[in-house]
Amino acid sequence: MTVACAQRLLTCGGLVKQRFVMSFMLLMAVLNIYTMRTCLSVAIVQMADSHVHNSTYVDPDRCPAPAGDSISGDSASSATPTRPPEFHWDETVQGVVLSSFYYGYILSHLPGGWLADRFGGKHTLGLGILSTALTTLLTPAAAHLGPYWLIALRIIMGVGEGVTFPAVSVLLAHWVPPAERSRLGSFVFAGAQLGTVAGTAISGLLLSHFYWPVTFYFFGGLGVVWYAVWMALCYSTPEEHPFISEQERDYLHQQISASNHGKPIAPTPWRGILLSLPVWGLAVAQVGHDWGFFTMVTDLPKYMKSVLQVSIGRNGLLSALPYLVMWLCSMLFAAVADWIIARRYWSVLTVRKFFTTLASIIPALGIIGASYAGCDETLTVVLFTVGMGGMGAFYPGMRVNGLDLSKHYAGTVMALVNGLGAVSGMVSPILIGLLTPHSSLLEWRTTFWITFGVLMLSNFIYVLTAQATIQRWDHQPQDEEDAVKKHPSAPPMSMS
């Protein structure tokens, strides 16, 4: 009784729409996983020796350091703890530590999607983030045991975090009506940008005033707090929710179609999914997007430092700006997409194709333009920012397109698509490292042209293959029974 009263109090006596509560908690879930994922990238600078040695190579196009600026530090450096790095890990070991996360991350996508489809998204998502929070809290202890312990812990962390997007997709499919999916889906998934910005900025702030373990305790603690609130307020489906209003439950039931809660779901139609051209088109588009996104996330600070000679302090601020703009643009693009769909100016499919294309063309042109901006720091930052802002159109585009294809197996579809896309996070940094041994402007320009090609080709394939209707392999036996009752002469539906 006390729990029920507390729940109703937190939701203003049922006046707050539970789909909006769900969307906010999912936003915080995505934001949390990105802060926990990225904080090591910042903290490792204080944790370990960099072992950087001067090279005899001289880049003829290298920009001079701005007047009064230094790449070695800034005025805030005096606030940084003066203890020397505890660990003597060379660049190879540090690279393996940072990349090991993705091995576990890719591994758990399909199991996560299957678990979310079968048993609901609440516990799949909740336990995944709780495990990520616990491994974040254990990171300092693992680091002191040795790099191999930390690598193993990061793989486990990736396994826990890999279920996030499949589970989020299942929850959105049950909670968000089609007319609101562009806006609320973009609101949720844009937590990736907010988490990247928050993880980088807050980690830098903490590291400037405290020693590095505090960073992991802070973000891991926030993850545990999120889990407690999640368990108290959120449920897998509207039918399970104990204090959702009847009006909202009926509205969601009508808009999303009759729920199959309590009815058996047919085994995952792997043949239908794996032979589905729209699913593979989504996967290709995801690979293209992730290639561009991870290139920027991983290497933009390196470009700003090695080519433009931007100081460490200003580098963090300038590198964070594109992601803030990307988040704001994703909200704008999402509102426009829902407005177009609600007024039936374009079909859902046309909206998905148009915004996915914007999310490919604008970033591709932005990064290429930045590579030809030379040493003009302002123009370079503007072009990078415009490019990443355009990438925000990805969310009302192909990011929510998987929900158009499947209701019952949305988690499995997201797992397959997002898991394949995550391969870009492993491949692109390695390729960029091989192509930029001297971090020269011409070497970076080559990598940006490759990114340009990947974005354009993946978008072309997506436009040719995209669909925005529930696929036949998603149909359930009860769907066929209902159809026969309404139209006795109708032919049976195929579930292949």
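Two residues are said to be in contact when heavy atoms of theirs lie within 4.5 Å. The model described here is a predicted one.

With neighbours within four places in sequence set aside, M47 is in contact with L40, P85, E86, F87, W89, A143, W212 and F216. M47 also has a place in the largest nonpolar core, which comprises 114 residues; L26, M47, L125 and W230 are the members that touch the most others. The greatest contribution to this core comes from helix α2, spanning residues 18-47, which supplies 13 residues. In soluble globular proteins, nonpolar side chains tend to be buried together.

**Salt bridges**

The structure contains three salt bridges.

| E180 | R19 | 2.9 Å |

In the pair E180 and R19, the former occupies the loop between α7 (164-175) and α8 (181-189) while the latter belongs to helix α2, so the bridge ties together parts that are 161 residues apart in sequence. E180 and R19 are both buried.

Helix α2 also holds R37, whereas E161 sits in helix α6 (residues 147-161); the pair therefore ties together parts that are 124 residues apart in sequence. Both E161 and R37 are buried.

The pair D404 and R352 joins helix α18 (residues 401-405) to helix α15 (residues 348-371), and so ties together parts that are 52 residues apart in sequence. Burial applies to both D404 and R352.

**Two further positions**

Helix α15 is also where V351 is found. Is V351 buried or exposed? V351 counts as buried, because its relative accessibility is 0%, and the cut-off for buried is under 20% relative accessible area. Apart from neighbours within four places in sequence, V351 is in contact with A337, I340, I341, W346 and P396. The C-alpha atoms of V351 and A468 are 9.6 Å apart in space, although 117 residues separate the two in sequence.

V16 lies in the loop between α1 (2-10) and α2. With a relative accessible area of 28%, V16 is partly exposed. Its C-alpha atom is separated by 8.8 Å from that of I244, a residue 228 positions away along the chain.

**The surface**

Which residues form a nonpolar patch on the surface? L110, W270, L274, W280 and L420 do, and together they have about 410 Å² of accessible area. One of these residues, W270, lies in helix α12 (residues 270-274). W270 is partly exposed, its relative accessible area being 33%.

**The chain as a whole**

The secondary structure of the protein chain amounts to 21 helices and zero strands. The chain has 496 residues, of which 54% count as buried. Among contacts with a separation of 6 or more, 85% are between residues 24 or more positions apart.

Methods. Residues are numbered from 1 along each chain as its sequence is written. This is a predicted model: local features need pLDDT of at least 70, side-chain atom pairs count only at pLDDT 80 or more; totals for chains, interfaces and linings use all residues. Side-chain values use heavy atoms; hydrogens and water are left out. Patches are made of residues with over 30% relative accessible area and no salt bridge: like charges are joined within 9 Å, nonpolar side chains (Val, Leu, Ile, Met, Phe, Trp, Tyr) within 5 Å. Accessible areas come from the Shrake-Rupley method with a 1.4 Å probe; for residues, only the protein chains shown count as cover. A salt bridge is a side-chain nitrogen of Lys or Arg within 4 Å of a carboxyl oxygen of Asp or Glu. Helices (H or I, at least four residues) and strands (E, at least two) are DSSP runs, numbered from the N terminus. Buried means under 20% relative accessible area, exposed over 50%, partly exposed in between (1.4 Å probe, protein chains only). A nonpolar core is a set of buried Ala, Val, Leu, Ile, Met, Phe, Trp, Tyr and Cys residues joined through side-chain atoms within 4.5 Å.
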